[in-house]
Amino acid sequence: MRPYNRLLLPLAIALLATAASCAPRRAAAPVSGGGSEAMRLHDELTSMLAEGAAAWNRGDLEAFMADYLPGERTSFVTNQGVLHGLDEIRSRYAPRFAPGGVRDSLSFERIETDWLAPGVAYMNAVYVLSRGDSVVARGPTSLVLLRHEGRWRIVHDHSS
């Protein structure tokens with residue numbers, strides 16, 4: 001295990017546990033702002049998810065991956081373990097984007113946001129994969145996002 005990951009994983013678990021213990025809500029007030037600012041940030045994050053889904057649906061892996069924070073700090077939890085960094089995460093998704101790969105249509109439902117600190121957000125949602133008129137998969141996704149260089153980036157993703 002990478003030395004910094006021994007600290008990162010317990011911190012991520014603590015942040016997620018803290019966020020999960022809060023009552024669910026559409027948007028909570030960010031640490032530094034009021035209700036209208038919280039709604040604006042919620043809408044900004046919801047738009048980011050919609051743009052990511054649009055990139056997925058048109059087969060643009062690079063645009064889809066652009067929402068993830070560059071570097072080894074970024075993690076994606078799968079049922080086989082934790083992936084670290086964009087290269088590992090991209091490798092997980094790449095077969096779906098390859099010619100002949102199966103990549104159903106992606107959308108998100110029941111999006112909730114919470115503010116952990118200025119520039120740090122937690123999102124819960126349900127992802128939906130559809131083929132034609134049929135839903136082929138759906139499940140929970142939880143994201144920790146950081147405001148980085150003027151935009152929101154996913155630093156931790158757990159989708160199951």
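## Strand pairing at S4 and S5

In this predicted model, Arg131 has Ser134 in strand S5 as its bridge partner. The two strands concerned, S4 (residues 120-131) and S5 (residues 134-148), run antiparallel and are joined by 12 bridges. Strands of a sheet pair through backbone hydrogen bonds, either parallel or antiparallel.

## Overall fold

The chain contains four helices and six strands, and along the sequence these follow the pattern α-α-α-β-β-α-β-β-β-β. Of the 160 residues in the chain, 39% are buried. Among contacts with a separation of 6 or more, 51% involve residues 24 or more positions apart.

## The sheet and its helices

The six strands form an open sheet with mixed pairing, in the order S2-S1-S6-S5-S4-S3. From one strand to the next, the twist averages 25 degrees.

Helix H2 (residues 35-57) lies across S3, S4, S5 and S6 (151-159), and its direction is at about 150 degrees to S3. Helix H4 (residues 85-97) also packs on the sheet, where it touches S1 (75-78), S2, S4 and S6. The direction of H4 makes about 110 degrees with that of S2.

## Thr141 in strand S5

Thr141 is placed in strand S5. Is this residue buried or exposed? Its relative accessibility is 5%, and the cut-off for burial is under 20%, so Thr141 counts as buried.

The side chain of Thr141 makes a polar contact with the side chain of Ser159, at 2.6 Å. Leaving aside neighbours within four places in sequence, the residues in contact with Thr141 are Phe108, Met123, Asn124, Ala125, Tyr127, Asp157, His158 and Ser159.

## The largest pocket

The largest pocket has a volume of about 490 Å³. Its lining comprises 25 residues, and those nearest the centre are Phe76, Tyr93, Tyr127, Asp157 and Ser159. Tyr127, Asp157 and Ser159 are also among the contacts of Thr141.

Which elements each supply at least two residues of this lining? They are the helices H2 and H4 together with the strands S1, S3, S4, S5 and S6. H2 gives the most, with five residues.

Technical notes:
Residues are numbered from 1 along each chain as its sequence is written. This is a predicted model: local features need pLDDT of at least 70, side-chain atom pairs count only at pLDDT 80 or more; totals for chains, interfaces and linings use all residues. Side-chain values use heavy atoms; hydrogens and water are left out. Two strands pair if DSSP finds at least two bridges between them. Axes are lines fitted to C-alpha atoms, for helices over the stretch in contact, and angles run from 0 to 180 degrees between N-to-C directions. Contact means heavy atoms within 4.5 Å. Buried means under 20% relative accessible area, exposed over 50%, partly exposed in between (1.4 Å probe, protein chains only). A polar contact is a pair of N or O atoms within 3.5 Å; within protein, one must be able to donate a hydrogen and the other to accept it, and residues adjacent in sequence count only if both atoms are side-chain atoms. On a 1 Å grid over the protein atoms alone, a cavity is a set of points where a 1.4 Å probe fits but cannot get out, and a pocket is an open set with protein on both sides within 12 Å along at least five of seven lines; lining residues have an atom within 4 Å of a point. Grid points are joined across faces, edges and corners, and a volume is the space filled by probe spheres set on the points.
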